[in-house]
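Open the model in your viewer and keep the selection tool ready. This tour tells you what to select next and what is there.

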Amino acid sequence: MDRDNPVAAHYDRTSLAEALVARLRDHGVERDAVTLEHLAALDQMHVRGHEATVELLDALEIRKGMKVLDLGAGIGGPARVLASRYDARVTALDLTPALCEANRELNRLVGLSRRIKVIEGDATDLPFEDATFDRVVTIHASMNIDRKRTMYREAHRVLKPGGRFGFYDIVAGVAGSPDYPMPWAGDDSVSFLVPPSTMRALAEEVGLRALDFRDLTNASRAHMVRQQEAAAAGKAAGGPPPLQAGDILMGPTAAAKQRNLRRAVKEARVGIAMAVFEKPRK
Ligand SMILES: C[S@@+](CC[C@H](N)C(=O)[O-])C[C@H]1O[C@@H](n2cnc3c(N)ncnc32)[C@H](O)[C@@H]1O
């Protein structure tokens with residue numbers, strides 16, 4: 001994978017898995033004791049974290065033994081949920097070498113290496129045969145992908161007939177553009193937000209049939225308010241800082257990225273959408 005790719009450069013971090021293990025140690029969890037539940041607070045790189053992952057995977061009706069491809073898998077949070085909670089056979093593909101490496105290290109740490117194959121690659125040019133997977137999922141990656149129709153066409157191609165594709169993504173809002181930096185982009189040169197209706201139309205153009213479409217902007221807004229209130233209450237009570245990894249995953253500008261995202265969601269300058277499609281059997 002091209003290390004000069006501007007999207008991969010945005011997400012590039014060194015020694016990510018070690019930094020996450022160190023964060024858990026600061027919270028009293030030694031390396032040998034790290035479980036999926038501990039990681040869940042740190043490894044879901046999207047709004048509403050683990051709760052949203054489960055909402056999408058439930059909507060996709062994933063069953064034991066299914067072959068599932070995760071596009072833009074990051075450090076593998078959703079992939080580990082797929083392997084552990086749903087007993088799926090997972091392929092986790094991502095553009096950014098450092099995140100793939102962290103994904104592999106965290107899988108080793110919790111004993112899931114044999115059930116999750118991690119591949120460096122581009123979601124718009126998949127290295128798989130036609131009709132390989134029962135499910136294809138993507139979470140908070142398409143914001144970085146200009147060629148969404150190509151990505152959806154690839155998802156459709158690698159799905160078996162009757163298979164399903166689901167996304168959970170940040171989309172363009174109704175009230176103008178957001179401010180940058182954002183968690184997925186330092187500026188708008190690597191950010192490609194479109195309205196959810198456009199995403200649906202593009203997916204339908206390549207032959208996918210919409211089964212479920214949800215606007216989760218209000219749920220996300222409420223979640224962010226609850227998170228901030230809980231953090232403020234914890235601080236006022238003199239408690240330890242909440243277990244989170246925003247600074248590790250998003251680097252030195254993490255606070256500005258999180259602030260801009262909260263404001264953009266509040267002001268409807270971005271939205272949050274979830275969708276499930278089927279590849280018809282013909
Ligand atoms: C915000 S992270 C989300 C990671 C993961 N899906 C999660 O929710 O925890 C976005 C990820 O998409 C990946 N990505 C962006 N463009 C991509 C592309 N064209 N192909 C594959 N991965 C891509 C980035 O490298 C990054 O890991």
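Select Leu112 to begin. Setting aside neighbours within four places in sequence, Leu112 is in contact with Arg80, Ala83, Ser84 and Asn107. Contact here means that two C-beta atoms, placed from the backbone, lie within 7 Å. Leu112 sits in the loop between H6 and E3. Helices (H or I, at least four residues) and strands (E, at least two) are DSSP runs, numbered from the N terminus.

Two notes before moving on. This is a predicted model: local features need pLDDT of at least 70, side-chain atom pairs count only at pLDDT 80 or more, and totals for chains, interfaces and linings use all residues. Residues are numbered from 1 along each chain as its sequence is written.

**Glu61**

Leu112 and Glu61 are 51 residues apart in sequence and 22 Å apart in space, C-alpha to C-alpha. Glu61 lies in the loop between helix H4 (49-59) and E1. Phi of Glu61 is near 50 degrees, a positive value in a residue other than glycine. Most residues other than glycine have a negative phi, and most peptide bonds are trans.

**The strands E1, E2 and E3**

Select strand E2, residues 89-94. Of its 6 residues, 5 are buried, so E2 is largely enclosed by the rest of the structure. Which strands pair with E2? Strand E1 (residues 67-71) runs parallel to E2, joined by 5 bridges. Strand E3 (residues 116-120) also runs parallel to E2, and 5 bridges join these two. Strands pair if DSSP finds at least two bridges between them.

Pick out single partners next. Asp70 stands opposite Ala92 in E2. Asp94 has Glu120 in E3 as its bridge partner.

Then follow the chain between the strands. E1, helix H5 (residues 77-85) and E2 form a right-handed β-α-β unit. E2, helix H6 (residues 97-109) and E3 form a right-handed β-α-β unit as well. A crossover is right-handed if, with the strands pointing away from the viewer, the path from the first strand over the helix to the second runs clockwise.

**The core**

Which members of the largest nonpolar core touch the most others? They are Leu56, Ile62, Val68, Leu82, Ala88, Val90 and Val136, out of 80 residues. Such a core is a set of buried Ala, Val, Leu, Ile, Met, Phe, Trp, Tyr and Cys residues joined through C-beta atoms within 7 Å.

Zoom in on Val68. Beyond its neighbours within four places in sequence, Val68 is in contact with Ile62, Leu82, Ala88, Val90, Phe133, Asp134, Arg135 and Val137.

Colour the shell by residue type.

**Helix H7**

Move to helix H7, residues 148-158. Its buried residues are Lys148, Met151, Tyr152, Glu154, Ala155, His156 and Val158. Those residues pack against E1, strand E4 (133-139), strand E5 (159-172) and helix H8 (196-205).

Go to Pro181, in the loop between E5 and H8. A cis peptide bond joins Tyr180 and Pro181, with omega about 5 degrees.

Select Gly251 next, in the loop between helix H10 (246-250) and helix H11 (254-266). Gly251 and Pro183 are 68 residues apart in sequence and 9.6 Å apart in space, C-alpha to C-alpha.

Then take Ala268, in the loop between H11 and strand E7 (270-278). Ala268 is not a glycine, and its phi is positive, about 55 degrees.

**Last stop: Arg209**

Finish at Arg209 in strand E6 (residues 209-215). Arg209 is partly exposed, with 13 other C-beta atoms within 10 Å. Leaving aside neighbours within four places in sequence, its contacts are Phe277, Glu278 and Pro280. Arg209 and Val276 are 67 residues apart in sequence and 8.5 Å apart in space, C-alpha to C-alpha.

Terms used. Buried ≥ 20, exposed ≤ 12 C-beta atoms within 10 Å, placed from the backbone.
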